[in-house]
Amino acid sequence: MNLETLKSTLPRDAMASVVVFLVALPLCMGVAIASGMPPAKGLITGIIGGLVVGALAGAPLQVSGPAAGLAVLVFELVRQHGIAMLGPILLLAGLIQLVAGRLRLGCWFRVTAPAVVYGMLAGIGILIILSQLHVMLDASPQASGLNNLQAFPAALVDALPFGAGDGWGAGLLGLMTIGAMWLWDKRKPARLRFLPGALIGVSLATLVSLILSMDVRRVEVPANLGDAIDWVQPADLLRLLTDPTLLVAALTLAFIASAETLLSAAAVDRMHQGPRADFDRELTSQGVGNLLCGLLGALPMTGVIVRSSANVQAGAVTRMSAILHGLWLLAFVLLLTAVLQSIPVASLAGVLVYTGVKLVDLKALRGLGRYGRMPMFIYGATALAIVFTDLLTGVMIGFALTLAKLAWRASRLKINLVYDEDGRTAELRMVGSATFLKVPELSRVLASVRPGTQLHVPLEHLNYIDHACMELLDEWRAASAANGSELVLESRAVKRRLEGRLRTTVGIGGAA
């Protein structure tokens, strides 16, 4: 970028960076709390996402930082292996992303069925809601979504004024934050539209809690940001390399973070008319960022759609906006730590509950419905599997259902045997894919052909025919010659259909 260009774009980028900073500040801390980590860890990731990844990114207007979509996975990793092992896992995940980017595998990470992705985000959203409802009551979340659901009634009773606990005040602050965000999204004045609802909600809840001197949990941020850094230890790296479960965790983290990042980059591309995203460079930059976050013991990062859309809507032109937002985060943490320490944890939990509700995107579900019921079923099955099992199992179930759907569609074949008026000529019409799975059905239809029939078999409506079916037709040709029948195979009409739907008619074979 030359000096003249920088001078012309810097004012717009600087204004946009302030908007992104205001969006990112509460989300960085809230995602950290939802992940079972100290808020400062999320701030470190946000700073690296701005200053480092923002400078290297292949998607210039995308903003990177801690993502709600990874909070559930990180929470589970921390619960199983401890905070100390998150750094080595993230270090390896970042290395995988870096190598994948250098090998130009960025586009392959986007080969994910939309139904699985939206289902994954919906499942994560439900888990975030179930866990952060407990945090809104100044209570600790349980280990799984099902446990959180089962324990919530008791936690709610304990939080009431006549209960055993004293979380009712925190709960009111959380509800106040959610209500303020919802009202702001619906009724915000045009002149103040650049202010994010999360900032309004958290600021209001913080002021109320301070004015009323409410006894609630507040954010714990060290006065020195360096105290929040936990360097990776050689012993932990050795454990990582010798424990298969940790290697699988790193691979899972790398895949999910990459998929979320590149899907977000594709969405950001649709929001502006500037340079298109370089997915391989973006994947490489994310790898560098997660390597650094792993070394420092911070949270994993992805490209995040909420902050990125705010960046575009605020008028950002170049990557300077993302870089500057990281600089503002760093300055705020260094100079205004006391302000962060006054924020109620329940208010940040309210932000995450509101975010979780948005992740359960019913518009996406309705959009999938345009392609039939199966994508909607995969969406629901993936989301519920994540809630009742875990993130990796849920995603694998979604992939398995997608592959099953493809296999089912590939095996569909409709067969119709039609005779001419004279009854001596017939046409065997086949539509779909003629594979070995359809040999029994095709054999039954051929056996029903009358003796002495000239059977025409056009293949123009087949998108595929395998050796087994061709061999069956040849065998019928040889066997039927004795009774006067003849097979006319119109093989020159075979063609592969790349677009559009095939016209089909229900016949003897029916649909498989």
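Here are a few questions about the domains, salt bridges and loops, with answers.

Tutor: This is a predicted model, where local features need pLDDT of at least 70, side-chain atom pairs count only at pLDDT 80 or more, and totals for chains, interfaces and linings use all residues. Residues are numbered from 1 along each chain as its sequence is written, and side-chain values use heavy atoms, with hydrogens and water left out.

Student: How far apart do the C-alpha centres of domain 1 and domain 2 lie?

Tutor: The bounds come from an automatic or database domain assignment. That gives domain 1 as 9-406 and domain 2 as 412-495. Their C-alpha centres are separated by 57 Å.

Student: Which residue forms a salt bridge with lysine 358?

Tutor: A salt bridge needs a side-chain nitrogen of Lys or Arg within 4 Å of a carboxyl oxygen of Asp or Glu. For lysine 358, the closest N and O atoms are 3.4 Å apart. Lysine 358 sits in helix α15 (helices being DSSP runs of H or I, at least four residues). The partner is aspartate 185.

Student: Is lysine 41 buried or exposed?

Tutor: Buried means under 20% relative accessible area, exposed over 50%, and partly exposed in between (1.4 Å probe, protein chains only). Lysine 41 pairs with aspartate 230 in a salt bridge at 2.5 Å, N to O. With a relative accessible area of 3%, lysine 41 is buried.

Student: What is the relative accessible area of arginine 104?

Tutor: Arginine 104 is in the loop between α4 and α5. Its phi is positive, about 60 degrees, although arginine 104 is not a glycine. Arginine 104 counts as exposed, and its relative accessible area is 60%.

Technical notes. Helix = DSSP H or I, 4+ residues; strand = E, 2+ residues; numbered from the N terminus.
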